[in-house]
Amino acid sequence: MNRLFINIALLILIWLPLQSCNSGNQSSDTRLIYWCSNNSYEIQFAKLETEKWNKNNSNISVKYQPVPEGRSSEEIILAAVVGKTTPDIYSNMWQGDVEAYAQAGVLVALDTLNGFMDFLSERCDSEVIEEIRSLDGHIYQIPWKINPIMLIYNEKMMADLGSSTPPQSYSDFFRFSAKFQKDVNGDGYVDRWFGYSEVLVTWWQRFFDFYPLYLAASGGAPLVKGDKAVFNNEYAIDVFKFLRMLYKKNYFSKEQLSARQDVFLSEIIATRFTGPWEIAHADKFKPKGFEYNFSSMPVPDDHKGPKYTYGDPKNIVIFKTCKKPQVAWEYVKTLIDRDGDLKLLELTNQLPRRKNINIDPYFGNYFNKNPKMKIFADQSKYVRGTDASPVLKEVFDLISQEYEACVIYGMKTPEQAVKDASDAVNLLFLK
Amino acid sequence: MITRKKILPYLLVSPYIVHFLLFVAFPVVFSIVLTFHKWNIIAPMEYTGLNNYVRLFNDKTFIKSMGNTLIFLVIHIPLQIIVALFLAEILNQKLKLRGVFRGAFFLPVIVSGVVVTILWQQLYGFDTGLFNRLLTGVGLSKVGWLTDPGIAMISIAVMATWKNVGLYIILFLVGLQTVPAQYYEAADLEGANHWQKFFKITLPMINPTIFMVVILSTIGGFSLFIEPYIMTGGGPLNSTVSAVLYIYKQGFFYYHMGYAATLGLFFAFIILAVVMIQKKFIEKDH
């Protein structure tokens, strides 16, 4: 009797953990699993879209679920790939991650699916299609939404500086900064700066300073092409010079201000490089009478042509674990058709990566109600994502190391820092 | 015939054996295998021979991170011992509210490292931090506690000392209370002053405790991670990148698993060597 009891107990002990590994959310021939972002607005979007699909498609249903909680969605996806528990469809994939997954062979080559290229060409510019093309020539991601990085500015402070518009060029920026900078409490140290950007060396911080400024200056030039660094050029050097001067003259603070009360809304700084997510935050927390607006990134004085910026694109992918990739694509189409895009805008205030969205009358009503989002929509024609490279994080890390040495601490000339970063990236490709 | 009596002991130790094999033996063996491979988790492993080891000895940032860890240890360990011993001496006297003070000094030990780090980040702030306000209040210049590459690691060492000192105060208190009172009485009769008693009686008598504190601080110092990870991210100019932080970045930022395993293995041998040297000293002392 005792032995039987021990055996049963052991079996239960073994079975329980195994059972807990099985989420009960496996896809099948008749059901697709879709992981959306875990913010409440996107969950609402996924819910509505899925309900609509399931109503019209009784053969194959879709089950949506927010990406499981973790330190970051990137880590969760990585864990799912390793554990072969990926969903069929995942939205919110950072464009910079796709190449590594594509090379690992875990994503469906979408250009092999019926109707994909036709749909994509209708939705996106050829520039965007080329941008998302992987190094092997296939396309593994569907451009979904963007958050262009722009210059937010305090309108009243600009008016106090005698201007109705924010600085457009580097010279303007320096002039405004010099006038604005102040030692408010009189302790001999500047405590009001024209702008602020995180001084941390973390690779992705450069998406909010160096990279959008580089894209603006260069007209959207890449950092890497294939396995070669292509940023050792006048644009990168100009951007390093510009940013270095901001820190040298103390127009930007070297201190980490992010742990404090919002420095933009508390008027300690007048500008910041940021994305459209700032609108909801600012509208919620701004003091009475505080007015702000957005403008394109500053550019070198002799700049001509459009002012590009970084779009922080989040895209949709279909994993190879999907048993019905063609059906998955049919479902994804409903997320990104005009109706889906409008719903995304209305529910989440995030910008779909759709050509001419700023002039398409279908979205006009939304932009009339949300004029600040219209500024981002106007910018959306001139955004870039990231270059196709499986080692993009290392590339940005190497740039960030040189950025810190040159821009923040002035220990290298901009020319030397850009050259060293470029050489280090080329060395990385050789390894 | 195998009897139940013979099986039972094995059955009882089996959970530990399974745990050991799964979570200790397998990861160690797997890590050693990894050092000869390139692996980013999602793609299949690629055999690279000794490449990771060659890279390690040419990796300037790793060498710098080892140097940073050494700087941290050189500041942190003596500071920890001096402060802990000084406070333990005071708390060993018959003070009013002695229990409250002992509790207060121990409090940071049980507070989360992340919370302490964020708190000190505020104290170290250049413009609004309390320390710089105090300095400017008495007419001195502000200090870039976390932004000056020459000072940042010292700032982290001071914070780590504050966080851990309570534990070492307790250890020293135990050590101090084992010193027989008659030694001090004899010294008093001979006319010894306080310092003579401290250096001639207290210090030699608590030597084993000091060695224990050195070993514990060394091991704790080698694992420096949370403080630079949260406060500085390893900056400025890599001046606070500790060896563990660098290994973590290689493994979990860039998914260079083979290289991270190589760094980890190398670092484990360094720790082993240091602990062996310390052990020799202790044995010699005994």
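How many C-beta neighbours does A:D312 have inside 10 Å, and does it count as buried or exposed?

Reply: A:D312 counts as buried, with 24 C-beta neighbours inside 10 Å. (Buried means 20 or more other C-beta atoms within 10 Å of a residue's own, exposed 12 or fewer, partly exposed in between; C-beta atoms are placed from the backbone.) This is a predicted model: local features need pLDDT of at least 70, side-chain atom pairs count only at pLDDT 80 or more, and totals for chains, interfaces and linings use all residues. Residues are numbered from 1 along each chain as its sequence is written, while chains are lettered from A and ligands numbered from 1 in the order in which they are written.

A:D312 sits in the loop between strand 10 (309-310) and strand 11 (314-318) of chain A. (Helices, H or I and at least four residues, and strands, E and at least two, are DSSP runs numbered from the N terminus.) Its backbone stands out: phi of A:D312 is near 45°, positive in a residue that is not glycine. Most residues other than glycine have a negative phi, and most peptide bonds are trans.

With 19 C-beta neighbours inside 10 Å, B:L237 counts as partly exposed. B:P236 is in that loop too, between helix 11 (226-231) and helix 12 (243-253) of chain B. A cis peptide bond joins B:G235 to B:P236, with omega about -10°.

Back to chain A and its domains. Chain A is divided into domain 1 (25-148 + 312-384) and domain 2 (150-310 + 391-430). (The bounds come from an automatic or database domain assignment.) The C-alpha centres of the two domains of chain A lie 29 Å apart. Contact involves 15 residues of domain 1 and 18 residues of domain 2 of chain A. (Two residues are in contact if their C-beta atoms, placed from the backbone, lie within 7 Å.) On the domain 1 side, helix 15 (371-379) and strand 13 (383-384) of chain A each supply at least two residues. Helix 15 of chain A gives the largest share of that side, five residues. By class, the domain 1 side has eight nonpolar, four polar and three charged residues. (Ala, Val, Leu, Ile, Met, Phe, Trp, Tyr, Cys and Pro count as nonpolar, Asp, Glu, Lys and Arg as charged, and the others, Gly among them, as polar.)

Next, the packing. The largest nonpolar core has 116 residues, and A:Y214, A:V239 and A:I318 touch the most other members. (Such a core is a set of buried Ala, Val, Leu, Ile, Met, Phe, Trp, Tyr and Cys residues joined through C-beta atoms within 7 Å.) Helix 16 (residues 392-408) of chain A contributes the most to this core, ten residues. Domain 1 and domain 2 of chain A both give residues to the core, so it lies between them. Leaving out residues up to four places away in sequence, A:I318 touches A:D88, A:I89, A:L107, A:V108, A:L110, A:P325, A:A328 and A:W329. Another core, of 29 residues, lies apart from this one; among its members are B:W120, B:L146, B:Y246 and B:M257.

Helix 8 (residues 170-180) of chain A has A:Y170, A:F173, A:F176, A:S177 and A:F180 buried. Viewed down the axis of helix 8 of chain A, the buried residues fall within an arc of 125°, so they line one face of the helix. (The arc is that of the directions from the helix axis to the C-beta atoms.) Their cover includes helix 7 (155-160) and helix 10 (234-248) of chain A.

Last, the chain contact and confidence. Chain B puts 20 residues into the contact and chain A 24. The chain B side has eight nonpolar, ten polar and two charged residues. A:V82, in helix 3 (residues 73-82) of chain A, is in contact with B:I41 and B:I42, leaving aside neighbours within four places in sequence. The model scores ipTM 0.72 and pTM 0.82. Chain A averages a pLDDT of 90, with 93% of residues scoring at least 70. (pLDDT is the predictor's confidence in each residue, from 0 to 100.) Over residues 14-24 of chain A, pLDDT stays under 50, and the model has zero contacts there beyond four places in sequence. Where pLDDT is low, the predicted coordinates should not be read in detail.
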